[in-house]
Amino acid sequence: MTSASNPILSDGQDYTTDPATLVANGKFYILTGRDTAESGVNDFVMPEWQMLVTDDPKSGRWTHYPHFLKPDEVFKWATPGRAYAAQIVQGPDKRFYFYAPVMQEGSTNKDGFAIGVAVSDSPTGPWVDAHPSGPVVSQSYPVKNDIQNIDPTVLIDDDGRIYMYWGTFGRLKGVELERDMVTFKGTPVDVTGLKGFFEAPWIFKRKGVYYMAYAGNTAGPDSECTEAVYYACIAYGTATSPLGPWTYRGVLLDPVSSTTSHPGISEFKGKWYVAYHTADAKGGGHFRRSVAVDELSWDDSVNPPLIEKVEQTRAAAPVPQPQRNLAPAARVVASNSPVPVQYWIRALNDGKVRQAPLPPDTWGTWSPNNPKQQWVVYQWEQPLKVNGTRLYFWADQPAGSGIGVAPPKAWHLEYWSDADKDWKVITASYPQAVTGAWTEASFDTVSTRCLKAVFDASTDGKTNAAVAVQEWEALYPKAVLVEAADTKVPASPICVPLE
């Protein structure tokens, strides 16, 4: 197959995820999972692995093995499904070893995930279980542990010694393996030096330095990693020993369009490449992800050499079409700014409405003690005409609730008057807020630099519910070309002009 741009498979026929790169036999391999969740299903439905192979990652020419392997086909002790992030490495014996997290059938452990290892003479199989008696890692084997045993990554060092790391939910373990590739050699170590580690470790070596890339989610408005806790960046650390200690070095890949992120990094014919997944394929989403690959660059002027921030490449954006919605050109601020890290204020004007959003797909106001009223402000560079609005609310509680997130009891718009230096209520017929559809209002045209949406909380008379909005549109009287604001600078609550 031929791929003109990222993601490699972009037509929505096959969703690929959790890439693991491998270089062997003069070829560049990417092992991937398969996302099969229906649109609107917020769960990882991953029945099997796939494989992509090329002679040159920049050529766009790939061979696709869509049904590469299923967990229960190779591990007789595994249940079907849950084909999570796996990796293939070439061992010192020149055979290939497949490390895969799967669910152990009949497990009595608190968490049934376990890691199996298969072996083959070829990266494309056939594969046989290298440890047919069961998993090589579980919560009860070979040493008891209390983590979820997934996301294995393996390094074959220059001296032929083998090291494996694995873990998730902020817990990362590492251990040396015997030459048989499956048996622990010593006691696993716990890794503590990788700032914001969440999951998806990937270990590799370059010029004598050990690197660990991983999905990090140190979240906050000023975080170099991610604003919203559900999203992840790819961060990395370095070490002078394969088992650490590790030193955090920074971010190599900003958050992608899917909440999760997962790296695979390899050198191929003198160049370094990183594979990762996004939600950019047709019909894609947080649980319908697709693998992309970009070149990795280095700063060798420092010691240890650092990884430069990856510039994500993707297909050219569609030609902009005229629209009435001016929101993309606005800066934003809210009454609860800085917004709690489970939400993302920029979701308000990103043009995306999802059937089943995750928290950062909305602006939300939930707190232990919700106030009676909340608001959001849009600010533009110059006065613009507005004569309508549309809002897409989200809720997990019905109207009239005093807990959770509910449609607001009432809402209205205000515009900033430069003459009066104050907010003025826009007279309109404001309908009751609904969920699952647009709530719309029209009004006489106003010209303003700032527009405020004000929400009166749903209440049971004792406590107040929060409000959440996926998208808020501010409508110009006619369709025009709108240029999105290229800034993270927030709006002013009192419409102070830009400096």
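Predicted model: local features only at pLDDT ≥ 70, side-chain atom pairs only at ≥ 80, totals over all residues.
Me: What makes C225 and C233 a disulfide?

Reply: The sulfur atoms of C225 and C233 are 2.2 Å apart. A disulfide requires two cysteine sulfur atoms within 2.5 Å. The pair therefore meets the definition.

Me: Why is the disulfide of C225 and C233 called left-handed?

Reply: The torsion about its S-S bond is about -100°, and the disulfide is therefore left-handed.

Me: How many disulfides does a search of the whole structure find?

Reply: The search finds two. Besides the link of C225 and C233, there is a disulfide between C450 and C495, with an S to S distance of 2.0 Å. Since the cut-off is within 2.5 Å, this pair also qualifies as a disulfide. The torsion about its S-S bond is 90°, and this link is right-handed.

Me: What pattern do the disulfides of the chain follow?

Reply: With bonded cysteines counted along the chain, the pattern is 1-2, 3-4.

Me: Why are strand 9 and strand 12 called edge strands?

Reply: The sheet in question is open, has four strands in the order 9-10-11-12, and shows antiparallel pairing. Strand 9 (153-156) and strand 12 (184-190) each pair on one side only, and they are accordingly its edge strands. Neighbouring strands of this sheet are turned by 20° against each other on average, direction ignored.

Me: How do you know that strand 11 and strand 12 pair?

Reply: Pairing calls for at least two bridges between the strands. Four bridges join strand 11 (residues 171-177) to strand 12, and the two run antiparallel. In one of the bridges, L177 has F184 of strand 12 as its partner.

Me: Which residues of the largest nonpolar core touch the most other members?

Reply: They are W49, F98 and L252, in a core of 46 residues. Another core lies apart from this one; it has 35 residues, including L326, L391, A441 and A453. In soluble globular proteins, nonpolar side chains tend to be buried together.

Definitions and conventions
Residues numbered from 1 in each chain as written. Heavy atoms only, no water. Core = buried A, V, L, I, M, F, W, Y, C linked by side-chain atoms within 4.5 Å. Buried < 20%, exposed > 50% of the residue type's maximum accessible area, 1.4 Å probe, protein only. Axes fitted to C-alpha atoms, helices over the stretch in contact; angles between N-to-C directions.
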